[in-house]
Amino acid sequence: MLNNKKEFKMNYGGKEITIETGRLAKQADAAVLASCEGTQVLVTLTCAKEVNDGQDFFPLLVDYKEKFYAAGKFLGGFLKREGRPSNAEILIMRLIDRPLRPLFPEGFMNETILMAQVMSQGAGDSEVLAGLGAAACLAISDVPFNGPMGYAKVGKVDGKLILNPTKEEFDNGSLGLLVAGSNDAVLMVEGEANEVSEADMLEAIVFGHNNIKEYCKLLEQMTKEVGQKKREFTPVTPNATLMTEALKDFNDEARKVLSINKKQDRSSATNNFRKTVKEGLKANPAKYGLTDGTDFGKEAAKVTDEIMYKLMRADIINEEKRIAGRGLKVVRAIETETSVLAAVHGSSLFTRGETQVLAAVTIGGKEGEQMYDSIHGVGFDKFYLHYAMPPFSVGEAKGYRGVGRREIGHGNLAERALKKAMPSQTDFPYTVRVACEVLESNGSSSMGSVCSGSMALMDAGVPLKGPVAGIAMGLIKEGDKYKILTDILGDEDHLGDMDFKLAGTKDGITAIQMDMKIAGISEQIFREALAQAKEARVHILGEMAKTISKNRESFKAGVPQIKSFKIAPDKIGALIGPGGKNIKALQENFKVTMDVAEDGTVKVLGVDVSKIEEVIALADMQLNGPKIGAVYKGTVVTIKEYGAFVDIVPGLAGLVHVSEIADERVNDPNEYLTEGQLLDVKVLEVDRFGKIKLSAKAVAPVAKKAK
């Protein structure tokens with residue numbers, strides 16, 4: 001049959017969501033069209049029937065693409081066809097991908113591709129629909145998956161939690177979260193907030209999860225009506241004999257490795273341990289269930305990882321003993337500095353254990369704004385953060401090949417955390433860029449970037465609402481037993497069950513991100529993790545305050561400054577001049593940048609404050625004329641027998657009549673004045689023709705020049 005269309009509908013936050021299948025992309029393993037209020041997202045799932053030879057990891061790829069025709073728009077720039085994904089699209093891919101991974105059965109290694117394409121952009125949220133569509137595809141396909149699961153956006157406006165908020169509500173509310181979960185547990189949380197409490201954050205997460213459960217019921221109905229039988233597969237599992245015997249034989253060597261504190265020393269010891277295991281396997285392959293033709297190096301790597309995994313987890317669960325003996329709630333030693341870079345507007349160096357981040361701040365005006373083009377429209381970011389983690393930061397001998405998806409994700413999290421503490425554009429009308437350079441990494445460089453970025457902003461003179469710090473939490477869970485870890489190392493992240501990052505000020509949370517490697521956690525675990533993270537955040541803020549706790553009172557030398565003034569909207573044309581002639585001349589002559597808004601607000605940016613004030617005075621005089629009774633320092637430009645013409649600002653001259661030069665009678669102005677001479681003059685009158693009458697003697701009579 002050509003069309004086996006089937007629709008499933010539900011109310012999701014007061015908006016009807018439709019999940020349609022059976023009409024589009026029928027050669028995919030599963031395909032759905034997720035729709036809400038004019039927004040339609042096509043999500044397709046394809047999965048290889050066989051496992052690639054030698055495959056030892058799960059190759060899942062999630063793709064998300066916004067088609068500009070969906071909003072009736074053309075792409076900006078020369079190329080008019082959608083190409084490489086934007087940063088925003090990459091972030092959405094990561095959001096969809098991360099909660100899916102722990103729900104695939106262990107040992108399933110078939111290449112799996114999920115593609116979400118925005119085909120029509122109305123008022124509905126395409127990001128949520130892409131996630132809901134992905135969950136639906138996995139539910140009704142034959143691909144093994146331990147669902148159902150779903151996604152929900154949660155906003156908070158005027159103290160009220162909102163499910164599936166509009167873009168405006170999500171962006172401008174006091175809290176904005178994306179939550180993913182199954183029937184039983186929360187799988188992922190990501191979002192930002194205006195310094196909300198841990199209790200309010202937990203309330204929002206539970207609210208989102210409860211609504212996700214309702215979507216899971218819809219998927220259960222879909223599975224019953226149109227779902228395929230899950231395919232059988234042979235799990236790719238470790239050699240049981242190998243792991244059992246190796247754990248007995250190499251346990252003591254592994255413990256020595258776990259006792260080493262420094263990352264590079266531990267990494268070196270791990271490499272030596274791997275070589276020891278390899279030699280042991282080669283010496284007696286039969287004992288370990290191997291043959292002479294085995295790749296012993298590859299098997300040794302698996303054994304090393306598995307032994308370290310089991311021992312580390314057992315030590316934490318049973319003895320509360322971490323790598324090198326650190327306590328579960330202990331934050332590593334912190335060192336901080338500011339003004340590290342001499343010519344930079346603001347800089348800082350934050351070191352926590354073996355994680356070190358150098359942050360640099362650049363302050364400017366409109367020319368520094370970051371333009372972005374999406375199906376929602378063109379916009380300009382006035383605050384943004386760039387994160388870079390070159391290979392040398394982990395001791396790898398590799399070249400740096402540009403920004404990857406992980407760096408984009410880490411930078412976005414740090415940006416969210418700091419953005420919520422930035423002053424309003426009304427109070428601080430600057431464009432600000434923060435660049436975070438990871439110089440060393442051993443656990444949560446993104447949270448190190450939050451701390452270093454916060455200090456660099458204060459060093460630059462940016463009036464933050466308060467210093468911001470971040471911490472990464474981990475989890476080890478075996479059955480009903482669990483331990484929450486503060487300030488996790490890279491190895492603890494790799495071998496643990498949760499990566500939970502939380503940033504904020506002393507007054508509340510500004511950003512949160514939680515990813516699970518198991519099938520979710522309970523509300524109780526989450527509550528404990530939030531409380532433990534707050535303790536660590538307050539401790540780190542205290543350590544940062546030893547170096548800097550508030551912004552500089554003034555910018556450093558060389559930092560551009562902005563001053564604003566207002567003109568009548570009908571005088572904007574006069575300020576700009578024919579073809580921009582006047583405003584260009586002002587900018588060139590005074591070495592400033594001027595930006596004119598439609599309401600008549602003029603922002604002047606420059607390094608020299610005196611030049612900014614001069615150009616503002618000149619512009620005001622050009623448009624409104626000089627003020628009667630005001631005194632100006634002018635320049636004598638022309639001397640006539642009846643007086644002297646004085647420029648009170650460049651291009652605007654008035655006449656000092658011979659009677660207004662000195663107290664005595666002046667027969668020849670040349671006996672008193674010289675062209676180019678600076679002269680204080682007072683404005684006496686501006687007649688109806690715009691002619692300006694000036695007086696020198698009203699300020700200080702000019703003396704006759706000596707012969």
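In this predicted model, Glu 320, which lies just after helix H7, takes a positive phi of about 55°. At the start of H7, the backbone nitrogen of Gly 297 is approached by a side-chain oxygen of Asp 295, which reaches to within 3.3 Å of it.

Asp 158, a residue other than glycine, has a phi near 55°, and its place is in the loop between strands E7 and E8, the latter covering residues 160–163. Asp 158 is exposed, with a relative accessible area of 80%. Glu 195 likewise has a positive phi, near 55°, and is not a glycine, but this residue is found within strand E10, which covers residues 186–196.

Pro 148 is placed in the loop that runs between helix H2 (126–140) and strand E7 (149–157).

In soluble globular proteins, nonpolar side chains tend to be buried together. The largest nonpolar core of this model has 136 residues, and those with the most contacts inside it are Leu 100, Leu 177, Tyr 215, Leu 457, Phe 500, Ile 512 and Phe 526. Helix H2 supplies the largest share of this core, namely eleven residues. Apart from this core lies another, of 38 residues, which includes Leu 618, Ile 648, Ile 692 and Ala 696. Within the largest core, Phe 526 is one of the residues with the most contacts, and the residues that Phe 526 touches, not counting those up to four places away in sequence, are Val 189, Leu 202, Ile 205, Phe 500, Ile 512, Met 514 and Ile 521.

A charged residue in a buried position is found at Glu 660, in the loop between strand E27 (652–657) and strand E28 (678–686). Glu 660 has no salt bridge, because the nearest side chain of opposite charge, that of Lys 697, is 4.7 Å away, whereas a salt bridge requires a separation within 4 Å. When residues up to four places away in sequence are not counted, Glu 660 touches Leu 684, Leu 694, Ser 695, Ala 696 and Lys 697; of these, Ala 696 is also among the residues of the 38-residue core.

How values were computed:
Residues are numbered from 1 along each chain as its sequence is written. This is a predicted model: local features need pLDDT of at least 70, side-chain atom pairs count only at pLDDT 80 or more; totals for chains, interfaces and linings use all residues. Side-chain values use heavy atoms; hydrogens and water are left out. Helices (H or I, at least four residues) and strands (E, at least two) are DSSP runs, numbered from the N terminus. Buried means under 20% relative accessible area, exposed over 50%, partly exposed in between (1.4 Å probe, protein chains only). Lys and Arg count as positive and Asp and Glu as negative; His and the chain ends are not counted. Contact means heavy atoms within 4.5 Å. A polar contact is a pair of N or O atoms within 3.5 Å; within protein, one must be able to donate a hydrogen and the other to accept it, and residues adjacent in sequence count only if both atoms are side-chain atoms. A nonpolar core is a set of buried Ala, Val, Leu, Ile, Met, Phe, Trp, Tyr and Cys residues joined through side-chain atoms within 4.5 Å.
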